[in-house]
Amino acid sequence: MIRLLVTGASGFVGRHVAAAVAAGGFGETRLLAWPAGVDLRDAAAVAAVLDELRPEQVLHLAAQSFVPRAFEDPTETFAVNVQGTVHLLDGLRRRGFRGRFLYASSGDVYGLVPETGLPVGPAHPTAPRNPYAASKVAAEQACLAFHRAEGFDALIARPFNHVGPGQDARFVLPALARQVVDIAAGRQAPIIEAGDIDTTRDFLDVRDVVGAYAAMLRAGQAGATYVVASGIERRIRDLLARLCVLAGVEVEVRQDPTKLRPAEQRRMAGDATALRADTGWAPRFDLDTTLSDILEHARSH
């Protein structure tokens, strides 16, 4: 069995990776979870973990990924996302690693994209507009530098907005789902307090993102960068309406001035053509399944 090391295994995406590995979605693979409490910023600790676990493949998910936090402490964000990635790459290199290294970056690296540039593919120029996105670009380049100079079998994933059960309630769809569930249960008046929900985003079920990672580990091209996206623009207001239908409630939507941060990026969609062509990947989860599972998670938590 392939020994797959997953950093960030306890996070939102990592938990779904663990479930997919257990279900055979990564083939004959044994999951090696990054030990709790071991900081990627500590090179010696990283080296010790690699000596113990001896991975044959790596899926690097761990990151400081909350954009407001990145603005509050950009130094921390770069230390975790860039320095931590370099410690991991260098530690593997020193131990003669010859497996596949998949780095989970972000569609946020593209920055402000004109509508004429949609949908966004891998070749679109990166133009990060926050410390988180900038750190992701830097970490990508570190991975590709090891590929070019050391022959590392490294490749990059740029996932767009991924959603599903278990996502932190700070993010838009779980936050809205929590209000819908409270309304359905009579704990909240039938009024939804929301921010700017008339933007479009490319939402993909987290389990389809995980499926893309499995496909990239299996069949992606070394040194390649892949966009992971549905290719479909979805307006957040329309997703809220669908959540209400699925929960059987009628609501009034009010814009909360404290949540209203008008987005510069009004529309967004990604182009996963290269990923589909190279690996045969395709999304499996329909929108209603994803939204229903988000609602169910909100009810049970």
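Analyst: A residue is called buried when its relative accessible area is under 20%, and exposed when that area is over 50%. The model discussed here is a predicted one.

User: Is Thr77 buried or exposed?

Analyst: Thr77 sits in helix H4, which covers residues 74–94. Leaving out residues up to four places away in sequence, Thr77 touches Gln64, Arg69, Ala70, Val82, Pro131, Tyr132 and Ser135. Because its relative accessibility is 0%, Thr77 counts as buried.

User: How far apart are the end C-alpha atoms of helix H5, and what span should its 20 residues have?

Analyst: Helix H5 runs over residues 131–150, and at 1.5 Å a residue its 20 residues should span 28 Å. The expected span is taken as 1.5 Å times one less than the number of residues. The end C-alpha atoms agree with that expectation, since they too lie apart by 28 Å.

User: Which residue caps the N-terminal end of H5?

Analyst: The cap involves the backbone nitrogen of Tyr132, which has a side-chain oxygen 3.0 Å away. Beyond the helix, just after H5, Gly151 takes a positive phi of about 75°. The residue that supplies the capping oxygen at the N-terminal end is Asn130.

User: Which helices and strands do the buried residues of H5 pack against?

Analyst: The buried residues of H5 include Pro131, Tyr132 and Ser135, and these three are also among the contacts of Thr77. The elements that the buried residues of H5 pack against are helix H3 (67–72), H4, strand S4 (100–104), strand S5 (153–159) and strand S10 (225–228).

User: Which helix gives the largest share of the lining of the second largest pocket?

Analyst: The second largest pocket has a volume of about 230 Å³ and is lined by 16 residues, with Ala20, Arg207, Val210, Gly211 and Arg284 nearest its centre. By type, the lining divides into nine nonpolar, three polar and four charged residues. Helix H1 (12–22) and helix H7 (206–219) each supply at least two lining residues. The largest share, seven residues, comes from H7.

User: How far apart in space are Pro174 and Asp39, C-alpha to C-alpha?

Analyst: Pro174 belongs to helix H6, residues 172–184, and is buried because its relative accessible area is 9%. Apart from neighbours within four places in sequence, Pro174 is in contact with Gln167, Asp168, Ala169 and Ile294. Pro174 and Asp39 are separated by 135 residues in sequence, and their C-alpha distance in space is 28 Å.

Terms used
Residues are numbered from 1 along each chain as its sequence is written. This is a predicted model: local features need pLDDT of at least 70, side-chain atom pairs count only at pLDDT 80 or more; totals for chains, interfaces and linings use all residues. Side-chain values use heavy atoms; hydrogens and water are left out. On a 1 Å grid over the protein atoms alone, a cavity is a set of points where a 1.4 Å probe fits but cannot get out, and a pocket is an open set with protein on both sides within 12 Å along at least five of seven lines; lining residues have an atom within 4 Å of a point. Grid points are joined across faces, edges and corners, and a volume is the space filled by probe spheres set on the points. Helices (H or I, at least four residues) and strands (E, at least two) are DSSP runs, numbered from the N terminus. Ala, Val, Leu, Ile, Met, Phe, Trp, Tyr, Cys and Pro count as nonpolar, Asp, Glu, Lys and Arg as charged, and the others, Gly among them, as polar. Buried means under 20% relative accessible area, exposed over 50%, partly exposed in between (1.4 Å probe, protein chains only). Contact means heavy atoms within 4.5 Å. A polar contact is a pair of N or O atoms within 3.5 Å; within protein, one must be able to donate a hydrogen and the other to accept it, and residues adjacent in sequence count only if both atoms are side-chain atoms.
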